[in-house]
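User: I am new to this model and would like to learn how to read its sheet and its pocket. Please start with the sheet.

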Amino acid sequence: MLGCGCPVILLLSISFLDLSFVSSSSSSSQSTRPRSHSSVGNDYYSLYEDAITDPPSSSSTQSELPDLNPCNYDMCVEQQHTCLELAEATGCLCPGLSNGFTPPSPPHLLTLTQLGGKGVLVHWCAPTSTVTNYNVKVMRNGKIMEKIEVEERKRAALLEDVESGMHICVEAVNKGGVSAEDHKSCATFEPQNTDTGLALKLGIVGGVVGLILLLILALLLWRHKSRQKFTTRTETERVL
């Protein structure tokens with residue numbers, strides 16, 4: 001009876017050990033398995049699905065950017081509409097301007113053009129400031145010799161009596177004050193030496209004319225001597 005029960009007990013023991021081993025191995029495999037990339041991706045989008053959307057297309061990105069439309073306004077050209085007038089009329093954008101109660105920035109003096117004699121044409125560019133008018137000054141040794149006022153739309157002024165070495169400055173003016181002087185808004189007038197150039201041209205022309213006259217005179221003398229020789233020879237032959 002005991003001998004018959006031993007194999008049954010042995011089989012039951014083996015089955016119990018087998019089941020416990022399988023359960024322990026499955027539980028250990030579940031606890032040590034790394035999470036796959038797909039599970040990580042699902043967690044990422046589940047956490048941020050309200051905040052993350054599909055990347056915007058290039059067309060939608062461009063449509064969100066402001067349509068920059070700068071005004072066709074040249075700071076150096078005179079007698080044109082102001083930038084604010086162009087902006088109101090066309091909806092374009094003006095460069096940043098300081099308000100009318102802040103002293104303006106200095107204008108940019110472009111050129112000093114000699115017009116003959118002592119006349120000088122002053123040309124400048126407007127600053128990025130609100131301007132009511134401009135002052136053009138002529139100075140010598142720090143003393144103002146001449147000062148003229150020019151309206152806001154102007155970018156040039158004619159000075160009648162400017163001598164070599166005089167200092168010329170352009171000031172911008174508004175309700176906040178007058179712009180400061182700097183190396184861009186002032187220049188020293190250095191006239192071109194037109195008298196020397198004219199004298200040189202006249203000297204060259206005179207020299208050429210004198211050479212031509214000398215050649216003509218030499219040709220006439222040669223012809224005169226040739227005729228004298230021919231006349232003398234003819235008379236000699238007649239005598240013989």
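Analyst: An open sheet is formed by 3 strands in the order β1-β2-β5, with antiparallel pairing. Strands are DSSP runs of E with at least two residues, numbered from the N terminus, and two of them pair if DSSP finds at least two bridges between them. β1 and β5 (156-159) are the edge strands, each pairing on one side only. The model is predicted: local features need pLDDT of at least 70, side-chain atom pairs count only at pLDDT 80 or more, and totals for chains, interfaces and linings use all residues. Residues are numbered from 1 along each chain as its sequence is written, and side-chain values use heavy atoms, leaving out hydrogens and water.

User: How many bridges join β1 to β2?

Analyst: Strand β1 (residues 108-116) and strand β2 (residues 119-125) run antiparallel and are joined by 7 bridges. Gly-116 has Gly-119 in β2 as its bridge partner. Their hairpin has 2 residues between the strands, and Gly-117 takes a positive phi near 70 degrees there.

User: Over how many bridges do β2 and β5 pair?

Analyst: That antiparallel pairing of β2 and β5 covers 4 bridges. Leu-121 stands opposite Leu-158 in β5.

User: Which residues lie nearest the centre of the largest pocket?

Analyst: On a 1 Å grid over the protein atoms alone, a pocket is an open set of points where a 1.4 Å probe fits, with protein on both sides within 12 Å along at least five of seven lines; lining residues have an atom within 4 Å of a point. Here 15 residues line the largest pocket, and Tyr-73, Leu-97, Ser-129, Thr-130 and Glu-152 lie nearest its centre.
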